[in-house]
Amino acid sequence: MYRITLIPGDGIGPEIATATKKVIEATGVPIEWEVKKAGEDVFEKQGTPLPEDVIESIRENKVAIKGPVTTPVGKGFRSVNVALRQSLDLYCCLRPCKSYPGARTRFEGIDLVIIRENTEDLYAGIEYQKGSEDTRGLIEFIKNTTGKKIRDDSGISIKPISVYGTERIVRFAFEYARNNGRKKVTAVHKANIMKHTDGLFLEVARDVADHFPDIAFEDRIVDNMCMQLVQKPELYDVLVLPNLYGDIVSDLVAGLIGGLGLAPGANIGDGCAVFEPTHGSAPKYKGLNKTNPMAMMLSGVMMLRYIGESGAADRLERAIAGVIQEGRHVTYDMKPTPDDPTAATTSQVADAIIEKLKK
Ligand code: NAD
């Protein structure tokens with residue numbers, strides 16, 4: 001019996017989490033779920049969106065699956081997702097992006113893996129508010145040490161990128177490539193402009209690459225990478241990126257495979273892993289039983305593989321792929337138009353997948 005933490009999240013999270021739990025249970029893998037709440041509703045009751053017992057549960061069980069959680073823009077609590085990744089040191093965000101035949105997309109045959117650094121960069125959460133005393137001090141310091149004048153009415157975010165953080169994420173990328181029959185790792189950066197952060201990332205990536213002579217290595221500047229992914233995605237295999245570029249490029253690649261409804265992910269550290277879809281909590285669809293649960297279900301497939309249940313993972317992935325290929329029991333985002341009256345509900349998608357699993 002596996003004991004796994006289940007965090008339904010908020011917005012559409014609870015609906016897609018229920019659907020996901022059902023299909024995972026239908027594989028027959030024995031799981032005892034420890035359900036833990038995080039997000040907006042908990043914030044109202046407990047004054048924190050991420051109670052300590054959620055983190056404790058993941059630490060203890062080592063594996064969690066999570067629905068999306070809302071992060072209010074510019075106010076209120078900081079991102080639960082960022083806090084979770086930092087407190088558990090889940091330094092790797094792994095996002096395989098694969099086309100499934102039948103998915104409505106302009107591209108075919110996409111099979112890319114995005115490996116995003118999860119703890120550093122502009123997402124480290126070191127920010128200086130416009131007009132504060134610290135900010136004024138920082139502006140003064142920068143003027144004194146560089147001669148550069150930052151406007152007094154500026155807010156400032158700090159972008160730390162370390163040798164330690166880069167080394168472990170690039171190593172993860174190469175090990176992933178080696179263990180999963182992948183041929184090439186591409187490091188993505190803007191080293192031509194940010195020499196001391198992205199430049200460091202690239203330099204460390206090159207050093208790590210030297211230890212993996214069996215895997216090809218190359219690098220691309222992030223803007224060029226975006227264009228190339230749209231023009232010739234077949235040239236790429238595993239991409240490793242600092243936090244911010246990784247976030248943006250993940251969504252771009254999700255677009256190549258048919259949208260956020262199909263893009264799974266995992267946040268992995270040395271001790272534990274949290275599996276979650278790439279998409280957010282889509283608040284406008286909350287409670288409508290309408291959105292696509294497949295990204296979270298495919299995150300569940302990744303989770304089953306992670307715990308060593310590859311057979312069940314393969315069966316679940318085949319069942320999901322079968323439902324996509326038939327195109328009948330799929331949600332609105334996978335139909336020709338969003339108002340298609342034949343669109344399935346979230347729970348109908350789960351039922352169709354369970355039917356396929358029985359065959
Ligand atoms: P979003 O991913 O929630 O939604 C953007 C749009 O994508 C939706 O309006 C919808 O049209 C579509 N979409 C998303 N998921 C879908 C699904 N499963 N099925 C069908 N369509 C889907 O992005 P957003 O609107 O920028 O963010 C909403 C909230 O989610 C924000 O508070 C954001 O911070 C948060 N967020 C959380 C996570 C996470 O928990 N890991 C990730 C991203 C965003």
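On a 1 Å grid over the protein atoms alone, a cavity is a set of points where a 1.4 Å probe fits but cannot get out, whereas a pocket is an open set with protein on both sides within 12 Å along at least five of seven lines; lining residues have an atom within 4 Å of a point. Grid points are joined across faces, edges and corners, and a volume is the space filled by probe spheres set on the points. The model examined here is predicted, so local features need pLDDT of at least 70 and side-chain atom pairs count only at pLDDT 80 or more, while totals for chains, interfaces and linings use all residues. Residues are numbered from 1 along each chain as its sequence is written, and side-chain values use heavy atoms, with hydrogens and water left out.

One cavity of 30 Å³ or more is present in the structure, and the largest cavity holds about 40 Å³ of space. Its lining consists of Glu117, Glu120, Asp121, Ile161, Thr166, Phe201, Pro242 and Asn243. By class, three of these lining residues are nonpolar, two are polar and three are charged; here Ala, Val, Leu, Ile, Met, Phe, Trp, Tyr, Cys and Pro count as nonpolar, Asp, Glu, Lys and Arg as charged, and the others, Gly among them, as polar. Asp121, one of the lining residues, is found in the loop between strand E5 and strand E6 (127–128); helices (H or I, at least four residues) and strands (E, at least two) are DSSP runs numbered from the N terminus. Asp121 counts as buried because its relative accessibility is 1%, where buried means under 20% relative accessible area, exposed over 50%, and partly exposed in between (1.4 Å probe, protein chains only). The phi of Asp121 is positive, near 70°, although the residue is not a glycine.

At least two lining residues come from each of strand E4 (92–98), strand E5 (111–117), helix H6 (163–179) and helix H10 (294–306). H10 gives the largest share, five residues. The lining comprises 16 nonpolar, two polar and six charged residues, and both domain 1 and domain 2 provide at least three residues each.

The packing of nonpolar side chains can be followed in the same way. A nonpolar core is a set of buried Ala, Val, Leu, Ile, Met, Phe, Trp, Tyr and Cys residues joined through side-chain atoms within 4.5 Å. The largest such core has 91 residues, and Ile115, Met294 and Ile353 have the most contacts inside it. Domain 1 and domain 2 both give residues to this core, so it lies between them. Another core, of 14 residues, lies apart from it and includes Val80, Leu84, Cys272 and Val274. Leaving aside neighbours within four places in sequence, Met294 is in contact with Gly261, Leu262, Ile320, Val323, Ile324, Val330, Met334, Val349 and Ile353.

A few individual residues complete the picture. Tyr306 belongs to helix H10 and counts as partly exposed because its relative accessibility is 37%. Beyond four places in sequence, Tyr306 touches Val63, Ile268, Cys272, Ala273 and Phe275. The loop between strand E12 (273–275) and H10 holds Asn289, which is partly exposed at 28% relative accessible area and has a positive phi of about 55° without being a glycine. His279 sits in the loop between E12 and H10 and is buried, with a relative accessible area of 10%. With neighbours up to four places away left out, the contacts of His279 are Ile12, Ile16, Pro68, Leu260, Asn292 and Ala295. Finally, Gly102 is placed in the loop between E4 and E5, is partly exposed at 48% relative accessibility, and touches Ile324 and Gln325 when residues up to four places away in sequence are not counted.

Conventions: Domains from an automatic or database assignment. Contact = heavy atoms within 4.5 Å.
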